[in-house]
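Here is a short report for a reader new to this structure. Please keep the sequence and the 3D view at hand.

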Amino acid sequence: LSNQLVGELMLELGRHAEAEAHLRKGLPRFRAALDGEPEELQFANEIAWANVLLGELRAHANDAAGAKAEWENAVQVLMPFLPNPEGADPGTMDTYARALMHLGRIDEARPWVEALLKANWSEARLLKLAREKGLAPAE
């Protein structure tokens with residue numbers, strides 16, 4: 001988990017190369033954990049969250065194809081765990097909704113964002129993206 005947290009911190013600090021290195025370094029451990037326990041949502045969400053952040057880094061570097069591949073990976077990892085928003089973990093819904101919004105799959109993201117808003121989920125970056133995509137009311 002420490003590589004993931006350090007990667008997020010580096011991203012927040014604008015140190016993109018270091019963020020990407022830490023996020024990529026942590027992925028194999030979570031993939032191995034998920035392979036060992038394929039029903040464990042936490043491992044899947046950690047992988048998907050890293051993919052969302054790596055996609056944002058690729059987009060920032062003007063690598064649209066790389067960003068799209070990362071976001072598609074996030075969706076693929078979480079899709080089997082999330083048949084619908086009812087009863088889903090908010091952190092996992094956040095990850096899934098972000099990936100869908102980044103991919104421009106707004107109609108698919110809508111029920112997830114609506115469920116998060118109904119649950120009073122207030123993560124600033126998600127809300128900003130949802131507003132940009134027309135899925136959340138303006139501040």
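Where is the place of N62? N62 sits in the loop between α3 and α4 (64-78).

## Basis of the report

This is a predicted model, in which local features need pLDDT of at least 70, side-chain atom pairs count only at pLDDT 80 or more, and totals for chains, interfaces and linings use all residues. Residues are numbered from 1 along each chain as its sequence is written, and side-chain values use heavy atoms, with hydrogens and water left out.

Helices are DSSP runs (H or I, at least four residues), numbered from the N terminus.

## Loops and positive phi

N62 has a positive phi of about 60°, although N62 is not a glycine. At 72% relative accessibility, N62 counts as exposed. Here buried means under 20% relative accessible area, exposed means over 50%, and partly exposed lies in between (1.4 Å probe, protein chains only). Most residues other than glycine have a negative phi.

N120 also belongs here: phi of N120 is near 60°, a positive value in a residue other than glycine. N120 is found in the loop between α6 and α7. N120 counts as exposed, at 66% relative accessibility.

W121 counts as partly exposed, at 27% relative accessibility. Not counting residues up to four places away in sequence, W121 touches P90, G91, D94, L116, L126 and L127. Contact means heavy atoms within 4.5 Å. W121 and A44 are 77 residues apart along the chain, and their C-alpha atoms are separated by 21 Å.

## Helix α1

Which residues of helix α1 (residues 2-12) are buried? They are N3, Q4, G7, M10 and L11. These residues cover an arc of only 125° around the axis, which puts them on the same side of α1. The arc is that of the directions from the helix axis to the C-beta atoms. What covers the buried residues of α1 includes α2 (16-36) and α3 (41-60).

## Helix α7

Now to α7 (124-132). Its buried residues are L126, L127, L129 and A130. Seen down the axis of α7, they fall within an arc of 165°, so they line one face of the helix. They pack against α5 and α6. The face turned away from the buried side of α7 carries the exposed residues A124, K128 and E132.

## Rings and a charge

How many aromatic pairs are there? The count comes to one. The rings of Y96 and W112 have their centres 5.0 Å apart and their planes at 80°, so the pair is edge-to-face. Y96 lies in helix α5 (residues 90-102) and W112 in helix α6 (residues 106-118), so the pair ties together parts that are 16 residues apart in sequence. Both Y96 and W112 are buried. The rule covers rings of Phe, Tyr and Trp (its six-membered ring), which pair if their centres lie within 6.5 Å; planes under 30 degrees apart count as stacked, over 60 as edge-to-face and the rest as tilted.

A charge and a ring also meet. The charged end of R29 sits over the ring of F30, 5.3 Å from its centre. For this, NZ of Lys or CZ of Arg must be within 6 Å of the ring centre and within 35 degrees of the ring normal.

## Two buried residues

T95 lies in helix α5. T95 is buried, with a relative accessible area of 2%. Leaving aside neighbours within four places in sequence, T95 is in contact with N45, A48, W49, V52 and L78.

V113 is found in helix α6. V113 counts as buried, at 1% relative accessibility. Leaving aside neighbours within four places in sequence, V113 is in contact with A97, M101, A130 and L135. V113 and P85 are 28 residues apart in sequence and 9.1 Å apart in space, C-alpha to C-alpha.
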